[in-house]
Amino acid sequence: MMAADRAVPEVPLSLSANVVGSFAYLTIRDRLPTILTKVIDTIHRNKNKFFEEYGEEGVQAEKATISLLSKLRNELQTDKTVLLLTDGLADADSWNQYLRRQQDQQDPVSWFRSQWLYVECYMYRRIQEALWLNPPISDFDVFNEGKTQSFFESQQAVIALCTYLQDVNTNMGKLSKDQLQEQFHKLLQVSLWGNKCDLSISAGQENSQKASPIDSLSNLQPFILVDNSDMVLSALVSAQKPEQPGKTRVDIVLDNAGFELVTDLVLADFLVTSGLAHKVCFHGKSIPWFVSDVTANDFRWTIRQTMAANHKWMSKSGYEWQSYVREGVWSYHDHPFWTLPHEFCDMPVDAPDLYATLQGADLILFKGDLNYRKLTGDRYWDHTISFNTALRGFGPAPLCSLRTLKANVQVGLQPGQGEKLSSKDPDWMTNGKYAVIQFHSPHSEQ
Ligand code: F6P
Ligand code: MG
């Protein structure tokens with residue numbers, strides 16, 4: 001969202017370290033209706049497919065879904081009150097409780113007068129409700145076309161990256177400690193910049209990677225505003241336990257499908273091949289989310305497509321990834337909490353099972369902007385407030401955010417750094433040009 005989309009915060013920006021920041025409010029007039037219109041169009045264009053698969057019942061479901069989505073778009077555009085979910089699905093109670101909590105603080109809770117994070121998440125959940133109420137098309141992923149297109153449009157970059165990975169893997173045994181560290185930094189940055197390629201920031205417009213990702217890294221280096229990658233590496237090195245060899249686990253909380261997912265798989269491959277990690281747990285979304293986020297289907301599809309590629313090193317990478325999954329070295333998980341509107345500091349209470357799972361990791365990589373907003377509560381923090389303060393107690397394990405900036409929240413900067421950026425590039429927080437590699441360990445005092 002553009003900076004101008006957000007209303008003035010209720011509380012001024014400068015907050016002392018122990019004061020909780022004001023919520024980020026925003027008018028959502030522009031991007032969300034555009035996304036909804038595209039969703040409606042996608043469902044309509046697939047009418048024949050529904051007919052072929054389900055006959056007249058499929059066509060009726062298509063009509064009824066479009067009618068619910070048109071109603072949703074009208075509610076959004078005319079600032080109606082946010083409604084309770086009615087589909088009775090497993091997470092509906094959590095959503096409805098969350099709405100009641102909002103209503104205790106503010107009345108009425110309507111589209112333009114609520115927290116941006118909440119209404120944005122709510123829109124994606126309502127899209128899902130419209131589908132779920134209309135079997136037999138309930139499982140249709142309205143964002144699938146865009147995600148697959150983004151993968152195919154990034155083919156050259158994917159090939160370049162897989163070729164690079166296979167070269168590193170082949171020479172792994174010969175790498176000095178310094179060379180190994182250099183590769184770690186490079187592939188961490190590739191995964192970081194992969195986050196430029198999300199589709200919700202472009203309201204579903206094509207946003208793929210064309211250039212060779214490795215060649216771009218040095219030019220992009222000055223745009224990394226906080227670079228804690230040495231701490232990330234140290235966390236991994238100190239997690240290697242001589243008494244328990246082969247036990248280091250990295251969790252990657254995924255963001256977008258398409259090119260970004262490939263960069264994450266390449267990083268995960270490197271972590272395993274180099275011995276820095278022995279297990280990688282990927283966490284994705286259980287419903288289509290924020291246009292381009294990874295679901296289980298996207299995860300499997302991407303590995304299959306990589307295997308099937310007509311390019312030796314790309315296909316070899318795909319086969320390796322498939323065997324990591326088969327052998328349990330890699331695993332994919334989803335949990336309803338990732339598609340709730342809650343900030344992550346709510347996790348110990350609202351999703352204690354997920355929190356306990358994450359506590360088993362030696363390092364958690366949180367990909368992307370939305371995860372950063374949820375880590376920091378999406379508030380107008382003073383830019384110099386520490387990441388630790390903004391996390392407000394969330395810290396199941398050492399964690400790192402790999403995020404390109406697309407929303408008006410940024411913490412952990414040096415005094416004056418934010419001001420300098422604002423005078424040079426007023427849209428620095430939202431234009432996706434800048435990034436952070438921001439680390440926090442619950443074991444260290446910060
Ligand atoms: O800028 C629009 C937006 O939907 C933000 O609300 C959201 O934080 C971001 O795009 C999604 O980006 P990412 O895919 O990096 O989480
Ligand atoms: Mg995303």
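Cavities first, so I need the term: on a 1 Å grid over the protein atoms alone, a cavity is a set of points where a 1.4 Å probe fits but cannot get out, while a pocket is an open set with protein on both sides within 12 Å along at least five of seven lines; lining residues have an atom within 4 Å of a point. Grid points are joined across faces, edges and corners, and a volume is the space filled by probe spheres set on the points.

Ground rules for myself. This is a predicted model, where local features need pLDDT of at least 70 and side-chain atom pairs count only at pLDDT 80 or more, while totals for chains, interfaces and linings use all residues. Residues are numbered from 1 along each chain as its sequence is written, chains are lettered from A and ligands numbered from 1 in the order in which they are written, and side-chain values use heavy atoms, with hydrogens and water left out.

**Entry 1: cavities**

I looked for cavities of 30 Å³ or more and found two. The second largest cavity comes out at about 40 Å³. I listed its lining as K147, T148, F151, A257, G258, D298, W301 and T302. Helices α6 (144-153) and α12 (296-307) are the elements that give two or more residues to that lining. (Helices, H or I with at least four residues, and strands, E with at least two, are DSSP runs numbered from the N terminus.) I sorted the lining by class and got three nonpolar, three polar and two charged residues. For the classes, Ala, Val, Leu, Ile, Met, Phe, Trp, Tyr, Cys and Pro count as nonpolar, Asp, Glu, Lys and Arg as charged, and the others, Gly among them, as polar.

**Entry 2: the largest pocket**

I got a volume of about 440 Å³ for the largest pocket. Its lining has 25 residues, and D139, F140, D141, P288 and N297 are the closest to its centre. I checked which elements contribute: α2 (47-54), α5 (116-132), α6 and α12 each supply at least two residues. The largest share, four residues, comes from α2. By class I have nine nonpolar, eight polar and eight charged residues in this lining.

**Entry 3: the magnesium ion**

Which residues are the protein donors of the magnesium ion (ligand 2)? I found D255 (OD), N256 (OD1) and D293 (OD), at 2.1 to 2.2 Å from the ion. Donors here are N, O and S atoms within 2.8 Å of the metal (3.2 Å for Na, K and Ca); water is not among the atoms, so sites may look incomplete. D255 and N256 are both buried, where buried means under 20% relative accessible area, exposed over 50% and partly exposed in between (1.4 Å probe, protein chains only).

**Entry 4: the sheet**

I traced an open sheet of seven strands in the order β1-β7-β6-β5-β2-β3-β4, with mixed pairing. The edge strands, each pairing on one side only, are β1 (224-227) and β4 (330-334). Two strands pair if DSSP finds at least two bridges between them.

I then followed β5 (residues 363-367). It pairs with β2 (residues 249-253) in the parallel sense over four bridges, and I252 has L365 as its bridge partner. With β6 (residues 399-404), β5 also pairs in the parallel sense over four bridges, and there L365 stands opposite C400. Why is β5 largely enclosed by the rest of the structure? Because five of its five residues are buried. I checked both faces: L363, L365 and K367 are buried on one side, I364 and F366 on the other.

Most residues other than glycine have a negative phi, and most peptide bonds are trans. I noted a cis bond between D107 and P108, omega about -5°, with P108 in the loop between α4 (92-105) and α5. Another cis bond joins P135 and P136, omega about 10°; P136 is in the loop between α5 and α6.

I also noted positive phi values. D79 has phi near 55°, lies in the loop between α3 (56-77) and α4, and counts as buried at 18% relative accessibility. V291 has phi near 65°, sits in the loop between β3 (279-284) and α12, and is buried at 7%.
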